[in-house]
Amino acid sequence: MLINDAAIMLPTTDRWLLACVNSPAMWFFSFRFFPHKKDEALAMDIPYVERLPIPPPTPQQRQAAEASVQRLIEITSAQHQTQRTLLDWLQVEYAIEKPSNKLLAVTELDSDAWVSEVKRIRGKKLPLTAAGVRALRAEHTRTIEPARALAAETLNLERTLSDLVNQAYALTPAEIDLMWKTAPPRMPVPHPPER
């Protein structure tokens, strides 16, 4: 694989580092201290990346982060396989050659939205039959509902990692609240619900 000068490879398998650099706290920090490019992209230049403040974890934080990151890797692999399988099925069974953005984010679709999107893409020239609708709903139950459960688990794991990183930085509740109130665009994890 080849990369250009806009990418950096970190030669490590340290999952704590992975948790830190993908955390909301790090995005908040980077957004304020890294040079900005077009469309709010950040210039991940080596001099800036080398100075990222990575907090040392406690043994408990490291262990919890490593377990969460490992589970996220497993879920991501499963989700990618599910997406490939569904897109192949839609191509073979429903003649959908080019999936829409909605079909690419299938875990966001309930059963009705799933059927509606397939119907919309097929158009009036290829209407769905009753059997086709039934098969789509059955596939949603069999494949998409479990993927949606994994997506919810992913969000919980990402929030757990965010909390661990915030603890390692010794952020106070007031600082965490300020981080979310002044959050830059595209935070890697959605704002947690109020407790």
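## A tour of an all-helix model

The protein has eight helices and zero strands. This is a predicted model. Colour the chain by secondary structure and follow the chain from the N terminus: the elements run α-α-α-α-α-α-α-α.

Next, show the C-alpha trace alone and turn the view. The trace spans about 60 × 40 × 30 Å along its principal axes. The radius of gyration is 21 Å, whereas a compact globule of 195 residues would have one near 16 Å.

Of the 195 residues, 31% are buried.

Select the charged side chains. There are 23 positive and 23 negative ones, and the centres of the two sets lie 7 Å apart.

Then hide the surface and select Trp 16, Leu 161, Val 165 and Met 179. These are the residues with the most contacts inside the largest nonpolar core, which has 24 residues. Which helices supply at least two residues each to this core? They are H1 (15-21), H2 (24-33), H4 (59-94), H7 (130-168) and H8 (173-181).

Stay on Leu 161 and show what surrounds this residue. Beyond its neighbours within four places in sequence, Leu 161 is in contact with Ala 19, Ala 65, Ser 68, Val 69 and Leu 72.

Another core, of twelve residues, lies apart from the largest one. Select Tyr 94, Val 106, Val 115 and Leu 136, which are among its members.

Finally, look at the contacts over the whole chain. Of those with a separation of 6 or more, 69% join residues 24 or more positions apart.

Conventions
Residues numbered from 1 in each chain as written. Predicted model: local features only at pLDDT ≥ 70, side-chain atom pairs only at ≥ 80, totals over all residues. Heavy atoms only, no water. Helix = DSSP H or I, 4+ residues; strand = E, 2+ residues; numbered from the N terminus. Rg over C-alpha atoms; globule rule 2.2 N^0.38 Å. Buried < 20%, exposed > 50% of the residue type's maximum accessible area, 1.4 Å probe, protein only. Contact = heavy atoms within 4.5 Å. Lys, Arg positive; Asp, Glu negative; His and termini not counted. Charge placed at Lys NZ, Arg CZ, Asp CG, Glu CD. Core = buried A, V, L, I, M, F, W, Y, C linked by side-chain atoms within 4.5 Å.
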